[in-house]
Amino acid sequence: MQDVNNQSLSNQDQQKKPYDMPDARGHFGQFGGIFVAETLVEALEELRVMYEKYRHDPQFLAEYAYDLKHFVGRPSPIYHAERWSNKVGGAQIYLKREDLNHTGAHKINNTIGQALLAKRMGKPRVIAETGAGQHGVATATIAARLGLECVVYMGSEDVKRQAPNVFRMKLLGATVVPVESGSKTLKDALNEAMRDWVTNISNTFYIIGTVAGPHPYPMMVRDFQAVIGIESKQQMQEMIGRQPDAVVACVGGGSNAMGIFYPYIDVPNVRLVGVEAAGHGMETGMHAAPLTANSPIGVLHGNRTYLMQDADGNITETHSISAGLDYPGVGPEHAWLKDIKRAEYVAVTDDEAMAAFHSLCRTEGIIPALESSHALAYAEKMAKTMLKDEVILVNLSGRGDKDINTVAKLANITL
Amino acid sequence: MSRIQSVFSALKANHKKALIPYITAGDPHPNHTVAILHTLVKNGADMIELGIPFSDPMADGPVIQRASERALVHKVGLSKVLQMVKEFRQTDTQTPIILMGYANPIEAMGADKFTQAAKDAGVDGVLTVDYPPEECKEFIASLRAAGMDSIFLLSPTSDVARVDLIVNQASGFLYYVSLKGVTGAANMDVAQVKARVAEIRSKTNLPIGVGFGVKDAATAKLVAEFADAIVVGSRMVVTIENSTEENLMHNISQLMQELRLAIDA
């Protein structure tokens with residue numbers, strides 16, 4: 001295990017006062033900010049003001065909490081994966097069961113928050129970008145429940161890869177727009193959603209699904225997802241009488257990881273480990289792991305962060321078996337947590353994630369999302385180096401039903 | 001006086017308006033770019049906006065995005081764009097060149113290195129679409145120190161305080177985005193644009209250009225009645241997109257002549 005004392009020594013200044021990020025313009029150190037065309041500035045300012053107004057408003061928070069409980073089914077349980085822990089050999093692995101949420105992933109925590117804000121702002125139309133389709137489904141779901149018009153942008157490659165989720169969104173009354181530009185994946189869907197927003201700014205709320213984008217999105221999405229970590233702290237205390245030694249979560253844009261990390265930032269001696277997608281392997285360059293690869297810092301989608309790019313500053317194509325991790329950047333707060341060494345970032349390959357996927361299916365009767373399988377794969381590696389009475393908490397961010405076609409195809413099985 | 005300022009002064013003395021065509025560098029092929037720049041000047045361009053190709057041009061519509069994609073097939077990055085400007089300057093020392101693009105290619109090169117290279121190449125102004133004034137104070141200062149203008153967008157949604165902030169940071173001219181949307185979007189509401197331009201004019205002596213929705217000569221003519229400059233982007237790029245290698249220069253010349261005639265009328 002890494003020397004925790006050394007870590008805290010190098011961060012003495014950070015740990016003296018409570019963690020309080022970002023600044024007023026959304027900066028996490030040099031990361032984050034508001035890098036958008038002038039046409040979007042006023043809309044972001046309007047959103048920032050409204051969010052500041054409601055983020056501590058008791059009535060708003062009560063409404064949000066009501067939906068989380070009665071519509072989503074929160075709190076999601078924490079489950080001790082005992083059989084799997086024994087099989088792995090080493091630390092005890094606990095799973096935060098975000099896969100049990102309504103719609104099958106953590107994404108709904110955030111879409112409810114933002115949709116309630118859209119309602120308050122009098123916007124009858126919501127738009128979203130989606131990669132794997134989980135955020136699109138979560139947006140379509142809450143839009144249906146609140147009677148909002150919903151348009152979801154999705155790269156045409158992802159439309160093909162994730163057909164069941166496309167159909168789910170349509171069942172829920174959303175319009176799914178396939179995006180044909182660029183690499184036809186998540187980043188291009190985000191570009192297209194931004195273009196829609198700038199054009200329809202007066203009646204439209206853009207529900208971003210991850211802790212990226214211009215301020216206030218990274219902060220706001222983190223705040224709505226923080227329910228994961230807040231519950232975890234309480235549940236771990238109840239279950240084992242203490243906090244885990246490590247919290248592990250997968251990182252694409254980084255919303256599920258930020259949600260579980262955030263309440264733990266000021267808790268000493270809890271390692272925070274973000275797991276990126278190493279795709280075919282870091283050495284092949286075909287991955288989606290800008291933090292692990294030490295990619296250069298740059299500006300994309302409204303914020304400054306670590307970005308996979310070529311020498312000319314054009315964004316390079318990423319690879320991951322998991323569409324939800326297939327993103328060339330990463331939320332700016334993760335970039336900050338990496339730099340101040342409060343969190344560690346690592347990557348696991350497609351193959352390692354697949355092995356963990358099958359292992360959990362067979363040992364625990366849980367089919368995890370391919371995204372979450374990355375976190376599981378790394379937890380497995382860590383557990384082996386730890387003692388039996390040590391504890392790892394993994395954010396099981398989503399269920400794997402959406403991935404059965406991908407998994408079947410890998411095994412050459414036609415469903 | 002910068003080249004951009006000189007051009008505006010001369011036009012003003014002659015009661016004329018500036019015509020500023022936009023093209024993406026490297027579109028349709030890097031070999032054509034310098035020749036296109038000369039063709040634009042020969043047919044009435046007072047200044048030129050030269051787009052830096054970028055993989056994720058969020059503020060642009062499909063037309064200009066496709067232009068970027070065509071240029072990127074030939075790996076036209078920022079340093080190649082600067083080489084093109086340098087080549088253009090070998091025979092044209094008068095026409096201002098404004099680079100328009102996104103922050104990331106500039107940051108990838110390094111802001112200081114870019115400023116020096118742009119100055120050496122003969123660039124006159126820089127419009128970085130996703131650099132609001134709050135996020136680029138040092139960059140503006142270094143451009144200014146190198147004698148280049150920093151051009152900023154003003155949008156229909158910019159409120160009074162923002163207009164004040166931006167006019168104080170801008171130099172060269174101000175670029176008013178005529179509609180809510182991306183480049184090449186729907187038709188503009190000319191009366192509304194006129195009212196907004198008048199409002200901005202009450203706050204600054206800088207020339208005001210209008211763009212993002214100038215689709216044809218008729219619109220250009222209407223806008224020329226109250227703006228100091230007319231920027232034509234998507235319409236120019238569509239013309240390039242729809243041309244063959246044989247009729248490319250002819251089609252560009254024809255469009256430029258129509259626009260010139262309309263705004264001089």
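**Strands and salt bridges in a predicted model**

Modeller: Chain A holds an open sheet of four strands in the order β7-β6-β5-β8, and the pairing is parallel. This is a predicted model, where local features need pLDDT of at least 70, side-chain atom pairs count only at pLDDT 80 or more, and totals for chains, interfaces and linings use all residues. Residues are numbered from 1 along each chain as its sequence is written, chains are lettered from A and ligands numbered from 1 in the order in which they are written, and side-chain values use heavy atoms, with hydrogens and water left out.

Biologist: What makes β7 and β8 of chain A the edge strands?

Modeller: Each of them, β7 (175-179) and β8 (204-206) of chain A, pairs on one side only. A strand here is a DSSP run of E with at least two residues, numbered from the N terminus.

Biologist: Why is the contact of A:Arg242 and A:Asp245 called a salt bridge?

Modeller: The term asks for a side-chain nitrogen of Lys or Arg within 4 Å of a carboxyl oxygen of Asp or Glu. For A:Arg242 and A:Asp245 the N to O distance is 3.2 Å, so the pair qualifies. By this rule the count comes to 40 salt bridges over all chains.

Biologist: Why is A:Asp245 called buried, and A:Arg242 partly exposed?

Modeller: Buried means under 20% relative accessible area, exposed over 50%, and partly exposed in between (1.4 Å probe, protein chains only). A:Asp245 has 15%, so it counts as buried. A:Arg242 has 30%, so it counts as partly exposed.

Biologist: What makes the salt bridge between B:Arg70 and B:Glu241 a link across the sequence?

Modeller: Their side chains meet at 2.8 Å, N to O. B:Arg70 lies in helix α3 (residues 62-73) of chain B and B:Glu241 in helix α11 (residues 234-241) of chain B, so the pair ties together parts 171 residues apart in sequence. A helix is a DSSP run of H or I with at least four residues. At 25% relative accessibility, B:Glu241 counts as partly exposed.

Biologist: Which residues are linked in a network of salt bridges?

Modeller: A:Arg25, A:Glu38, B:Glu134, B:Glu135 and B:Arg162 are linked in this way.

Technical notes:
Two strands pair if DSSP finds at least two bridges between them.
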